[in-house]
Amino acid sequence: KHLLTFVTKNAIFLDCGIHAREWIAPAFCQWFVKEALSTYGSDSQMTSLLDQMDVYVLPVFNIDGYDYTHKSNRMWRKTRSRKSGSSCIGADPNRNWNAGWCTIGASSNPCSDTFCGYSPESEIEVKNVADFIRRNKSIIKAYLTIHSYSQLLLFPYSYTFQLAAHHSELVSMMSGASAALRSLYGTSYTSGPGAATIYPAAGGSDDWAYDLGVKYSYTFELRDTGRYGFLLPESQIKPTCEETMLAVKYIAAYVQKNL
Ligand code: 0X9
Ligand code: ZN
Ligand code: ZN
């Protein structure tokens, strides 16, 4: 008789494009997949990583918003959900997670760009990703979410100024990741807990994943620091992806070593 054993590998979850207008983010996820496929078997680190772990990549989290930024409004941020009774569309998919939901740095006004939604996980994109991560939480060892811009590596918390239980480990891991990133083109990144480093804002995916038990939970804010902002020129896409890859690979190697 056959005995089938399903071996589920430990995994890293990577999403890009939570915010519609942050176009460099989906570009990075696509770059990551290309690099993974084209360097597996030749790059020893990528080979060992993918032999040992799976990487779940969600290339465009907020697909309706992303589409809308191409067709109607380049500066759209939110989802495109509608609710009868309000003429305003969408909620901020990074204020809609059940982590201090709508307590700080978020708006309960449906017309605001940081509208937290009518309830946690009201947005179908958030609900489905949250369900996926909950279902797979025993194997998901790291959660990485890619945004722009400001050149930051953020970790929990953003819904409170309290430090995360693993604060010092997260600090030292991010100093390694930002050094790796800087090594290619000298691009400098600042890292720290979200609330103190960028601003307090509740309902974000990083805080939610961390409180669920995913210890290595990071938000990347890619290039630049404001000269072009969301309208990052095409000439910067490739260098941004290349340098970001070094930080992601640093984190992946660290996670792999500490499984
Ligand atoms: O405000 C955000 O959602 C992120 N910045 S952005 O300019 N891309 O909108 C920062 C998210 C940091 N993490 C949390 N607030 N949880
Ligand atoms: Zn390359
Ligand atoms: Zn964003």
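Biologist: Which residues come nearest to ligand 1?

Modeller: This model is predicted: local features need pLDDT of at least 70, side-chain atom pairs count only at pLDDT 80 or more, and totals for chains, interfaces and linings use all residues. Residues are numbered from 1 along each chain as its sequence is written, while chains are lettered from A and ligands numbered from 1 in the order in which they are written. A residue is near a molecule if its C-beta atom, placed from the backbone, lies within 6 Å of it. Of the 14 residues around ligand 1, those that come nearest are Asn94, His147, Ser158, Ala201 and Gly204.

Biologist: Which helix and which strand each supply at least two residues of that shell around ligand 1?

Modeller: Elements here are DSSP runs, numbered from the N terminus: helices are H or I with at least four residues, strands are E with at least two. Each of these two supplies at least two shell residues: helix 7 (205-212) and strand 6.

Biologist: How many residues of the shell around ligand 1 are charged?

Modeller: Asp, Glu, Lys and Arg count as charged; Ala, Val, Leu, Ile, Met, Phe, Trp, Tyr, Cys and Pro as nonpolar; the others, Gly among them, as polar. The shell has three nonpolar residues and seven polar ones, and its charged residues number four.

Biologist: At what angle do helix 1 and helix 8 cross?

Modeller: Axes are lines fitted to C-alpha atoms, for helices over the stretch in contact, and angles run from 0 to 180 degrees between N-to-C directions. Helix 1 spans residues 24-39 and helix 8 spans residues 237-257. Their axes come within 9 Å and cross at roughly 65°.

Biologist: How many residues of the contact of helix 1 with helix 8 are nonpolar?

Modeller: Two residues are in contact if their C-beta atoms, placed from the backbone, lie within 7 Å. Helix 1 brings Ile24, Ala27, Phe28, Trp31, Phe32 and Glu35, and helix 8 brings Ile237, Thr240, Cys241, Thr244, Met245 and Val248. Two are polar, one is charged, and the nonpolar ones number nine.

Biologist: Is glutamine 151 buried or exposed?

Modeller: Glutamine 151 lies in the loop between strand 3 (140-148) and strand 4. A residue is buried if 20 or more other C-beta atoms, placed from the backbone, lie within 10 Å of its own, exposed if 12 or fewer, and partly exposed in between. Because glutamine 151 has 20 such neighbours, it counts as buried.

Biologist: What is the omega of the peptide bond from proline 156 to tyrosine 157?

Modeller: Tyrosine 157 sits in the loop between strand 4 (152-155) and helix 5 (167-185). The bond from proline 156 is cis, with omega near 5°.
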